[in-house]
Structure formats: structure tokens, C-alpha cells
Amino acid sequence: MSSTAISVDNKSPWRGGVGPFKASYGKLMMWFFLLSDAFTFSGLLITYAFIRFSASAYKGPVDEFVFSTEYWPIPEKVYEAFPGFHGVELPLVFVGLMTFILIMSSVTMVLAVEAGHRMDKKNVVKWMLWTIIGGFAFLTCQAWEWTHFIHGTDTATIADVVVNGIWIDNYEIYGANLTFNQYGPPAFAALFFFITGFHGFHVFSGVVINIIIFFNAANGMYERRGHYEMIEKVGLYWHFVDLVWVFVFTFFYLI
Amino acid sequence: MEQATSNVVVQPADPAKIRGIWKVALILAVVTAIEYVFAFTMAKGMLLNVIFVSLTIVKAGFIVSEFMHLGHEVRSLMFTILLPMIFIIWLIVALVNIEGSAIKDGRGTQDAMEPAKTEHHEDGGH
């Protein structure tokens with residue numbers, strides 16, 4: 001047994017005791033999880049862009065644009081509502097606010113991680129609280145946006161649709177559901193619900209995790225542990241949610 | 001019970017580091033603002049889409065390298081994460097741009113050159 005042919009000297013990484021990539025186990029696994037999650041979102045965005053670019057596009061004058069189920073809508077004509085400004089066209093203003101909220105909550109998360117490095121419990125708790133408030137604000141905005149999207153505008157789009165298995169000619173479509181919508185082809189609303197919904201669910205779970213971490217930090221769990229690495233790991237997840245939003249924003253609201 | 005936490009030393013904050021964080025936030029806000037300017041001044045088309053995607057990648061770069069700290073990790077970890085993403089972006093561009101238009105041509109889908117004639121009507125009470 002002692003005369004084994006393979007000699008492994010004590011400095012070899014295979015002897016153990018060395019962190020791969022000089023990162024802790026938890027952080028590394030979070031990175032790999034985020035990579036796989038990025039693949040999932042990539043799949044959704046590929047589907048979106050593929051359907052969008054193979055659908056009929058509207059090439060006429062922008063100011064004469066009307067919604068029709070025959071071609072893909074211009075995004076800034078769809079997303080132009082703002083709470084409290086009924087009937088006023090404010091293209092992309094609300095989604096700009098949502099982007100700002102999410103980026104700000106990412107910043108407060110970085111500040112919480114930074115305070116954690118300095119063992120500054122008071123500031124960790126403070127910035128985690130701001131991050132949670134930002135997450136809730138974003139979810140509230142999204143709930144309003146979905147409600148508006150589902151209820152629709154004051155103007156109906158006329159199309160031939162199937163309702164409860166019966167074909168109806170010249171049906172007045174208001175708003176959107178999973179079978180048809182007033183804004184464009186049926187796939188448009190279905191993709192909107194699926195992709196922003198999947199992102200929103202990530203935000204929601206992020207907020208839940210942030211709340212758990214907030215209470216742990218406030219109760220001094222990480223101070224007793226001697227480090228605030230958990231804040232960093234959860235921070236990675238939270239930034240990822242922001243990162244995905246940057247892509248959803250471009251593909252859904254700009255292109 | 002209290003003495004467990006009494007020996008924790010809070011380090012003072014480094015103002016340069018805090019400023020750096022806010023600087024990245026400012027850059028993200030400015031790039032988003034530039035996207036808005038392009039969205040309302042430029043005609044729709046492939047050039048605009050390329051600009052949007054490029055600016056998005058700039059923003060993603062700042063978030064990943066600064067906020068997620070990947071730019072400060074060891075090189076091998078950086079590439080472990082970045083290389084698969086680069087291949088995925090390649091796949092997105094190939095599928096969307098080439099396959100999407102190929103399917104569109106194959107189906108004979110026509111673009112709409114004028115607004116649809118489907119009738120719309122105002123219904124104030126909705």
C-alpha cells in the first residue's frame with residue numbers, strides 16, 4: 001500500500017485544500033447556477049426574437065400605425081401608459097422608471113456587500129432594506145403594467161378569433177390574453193407574459209431571499225459567523241436579475 | 001451573551017470605493033439614456049438593432065465585471081463564465097438574424113407597408 005507508483009507531492013492541487021479559481025464553494029456554485037439560468041433566458045429570448053423576425057413587420061409611416069393582429073406592433077406604441085395619466089401617450093416612460101428602480105436596487109446591493117466586507121452590520125442592514133424596497137417597487141410596477149396590458153386601451157382591434165371553440169368574425173379585442181390580443185399576433189402577448197413573467201418570478205424569489213438575508217444580518221448571524229459572504233452570494237443572484245432585465249428591456253421594449 | 005459580538009471591528013469605508021460604485025451606476029444610467037435618444041430619433045432597422053444590442057452588451061459588461069465582481073476574479077473563472085455566454089450570443093445572432101429571415105422568406109410572409117384596414121373605434125367607457 002505504501003509503495004504506490006503514483007507520487008503526488010504536497011503542493012499538487014489534487015491533494016485538496018485549494019479552492020478552485022480562488023473562489024469559495026458557495027460563490028462558485030452560484031456562478032454556475034447563474035450560467036445555467038442565463039441559458040434558460042437565452043432560450044426564451046431566442047424564441048422571442050426568432051418569432052418576431054419571422055413575423056410580418058410594419059413598414060408604413062410610424063404616426064399612422066394602428067394595432068392589428070396581422071403584423072408585429074411597434075413597441076413604443078404598446079408601452080406608452082403611465083399610472084395616473086390615462087389617455088396620455090408617454091412612450092417607454094414607465095418602463096424607463098422600472099429600469100431605473102432595478103438598477104438602483106442593484107447599486108444598494110453592491111453597497112450592502114461593500115459594508116459586509118468591512119463587518120459593518122448597521123450599513124449591511126440599511127442597504128439590504130433599500131434593496132428589498134427597490135425589489136418591491138419593481139414588482140409593484142410590473143403588476144400595474146400587466147394589469148394595463150391585460151385590460152388594454154379604449155380602442156378595440158377587430159379580428160376574426162375563436163372564443164370558447166366558436167369562430168367569431170369581426171370580434172372586438174380589448175387587451176390581451178393567452179389566445180389573442182389587441183396589440184398584434186397572438187404570440188406577441190404570449191411571449192410578453194412568459195418572458196416578463198419568468199423574469200418577474202426571478203425578482204420575486206430574489207426579494208424573498210433578500211428578506212431572509214436581511215433578517216439573518218440584522219440578528220447578527222453573519223457577525224457571529226465572522227464574514228458576510230452570504231450577502232455576496234445573494235448579491236450575485238440579485239445582480240443577475242438586473243442583468244436579465246437589461247436584455248429583456250432591449251429585446252422587448254426597444255427592438 | 002453580548003461579548004460574542006463585542007470584539008467585531010468595523011473597518012472605515014473607503015470613499016474611493018464608494019465613489020467607484022456610484023460611477024458605475026451613473027454609466028449605466030447614461031447608457032440607458034443614450035438608448036432612449038436613439039429609440040426616438042433613429043429610423044427602425046437593422047442598424048438601430050445593432051446599436052441597441054451593442055449598448056446592451058456594454059451595460060451587461062459593467063454589471064458583470066463591476067457589480068458582480070467578475071472582472072476582479074481570477075482569469076480562469078472569468079473565462080469559464082464568459083466563453084459559454086459568447087457562444088450563446090453567437091447562436092442568438094445566427095438563429096435570429098439568419099434563420100428568422102429565412103423562415104420569413106420561406107413562408108412568403110409579407111411586411112405591412114400601410115396600417116391595417118381593420119376598423120377601430122373609440123369606446124370612451126372602457
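**View 1. The order of elements along chain B.** Along its sequence, chain B of this predicted model follows the pattern α-α-α-α. Chain B contains 4 helices and 0 strands; helices (H or I, at least four residues) and strands (E, at least two) are DSSP runs, numbered from the N terminus. Local features require pLDDT of at least 70, side-chain atom pairs count only at pLDDT 80 or more, and totals for chains, interfaces and linings use all residues. Residues are numbered from 1 along each chain as its sequence is written, chains are lettered from A in the order in which they are written, and side-chain values use heavy atoms, without hydrogens and water.

**View 2. Burial in chain B.** Of the 126 residues of chain B, 26% count as buried, that is, under 20% relative accessible area (1.4 Å probe, protein chains only).

**View 3. The interface of chains A and B.** In this interface, 70 residues of chain A are in contact with 66 residues of chain B, where contact means heavy atoms within 4.5 Å. The two chains share 3 salt bridges, each a side-chain nitrogen of Lys or Arg within 4 Å of a carboxyl oxygen of Asp or Glu. One salt bridge joins the side chains of A:Lys27 and B:Glu73 (3.9 Å, N to O).

**View 4. The side of chain A that touches chain B.** Helix H1 (25-54), helix H3 (93-117), strand S1 (157-163) and helix H7 (229-254) of chain A each supply at least two residues of this side. The largest share, 14 residues, comes from H1(A).

Definitions and conventions. Buried means under 20% relative accessible area, exposed over 50%, partly exposed in between (1.4 Å probe, protein chains only).
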